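User: I would like to go through this protein model term by term. Please set each value against its definition.

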Amino acid sequence: MAGTTRGFLGRRRERDPRLPPGQYDARDEWPVLNAEATPRLSTDRWTFTVEGLVERELTWTWDEIRALPPSRYEGDIHCVTTWSKFGMRFDGVSVDTLLDAAGVLPTATHVIGVAHTGYTTNLPLADVTGGKAWVVWDVDGQPLTREHGGPARLLVPHLYFWKSAKWVSGLRLLDHDEQGFWERNGYHDRGDPWTEQRYQGD
């Protein structure tokens, strides 16, 4: 029997090192996945509140939060439904700026991201501080659309994207972990894409 040639087998395609395990490159697509109906939020009535274990509860209006020092994230995002999107650019304000203004108490260990729809998601405080999280309103130079969480959403890009709450209305600081919507329904409490923390028990 004749030997198999290299050309017949072809070359094995190299996996993009930016892809976490189990993910694929969505390229030009940005899938829309919602747990609830897409709301219509007027920026005239939109607010963002930091509350809970802080020195002072603070609420910003749309104009007030956009007047804070701007911050940008450039990089990748990853959804638990297995798509990833490379080279995104989001503009908004760093969560560090918001928490510094409110003054985080030493007893705080976790935050709950809260949306105007009532959606919640839980995060360790360490995952939204130190330049790891933002409240964003522009993506790739354009206003964030309603379908993708506009007028503003939480952005925690190093975790699966359900942690980046759409239509965000605030952060509540706690001294304990408290599951949010998807976490109560079987998703992992933290959601690290690189260790495939998709579901409880992973």
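Analyst: What follows is a set of questions and answers on a predicted model. Residues are numbered from 1 along each chain as its sequence is written, and side-chain values use heavy atoms, with hydrogens and water left out. Local features need pLDDT of at least 70, side-chain atom pairs count only at pLDDT 80 or more, and totals for chains, interfaces and linings use all residues.

User: Which residues of helix 3 are called buried?

Analyst: Buried means under 20% relative accessible area, with exposed over 50% and partly exposed in between (1.4 Å probe, protein chains only). In helix 3 (residues 95-102), V95, D96, L98, L99 and A102 are buried. Helices here are DSSP runs of H or I with at least four residues, strands are runs of E with at least two, and both are numbered from the N terminus.

User: What puts these residues on the same side of helix 3?

Analyst: They cover an arc of only 165° around the axis, so they lie on the same side of helix 3. The arc is that of the directions from the helix axis to the C-beta atoms.

User: Why does strand 3 stand at an edge of the sheet?

Analyst: The open sheet has five strands in the order 3-2-11-6-7, with mixed pairing. Strand 3 (58-61) and strand 7 (120-124) each have a single partner strand, so one side of each is left without a neighbour in the sheet.

User: What makes strand 2 and strand 11 a pair?

Analyst: Two strands pair if DSSP finds at least two bridges between them. Strand 2 (residues 47-52) and strand 11 (residues 168-174) have four bridges, in the parallel sense, so they meet the definition. V50 stands opposite L171 in strand 11.
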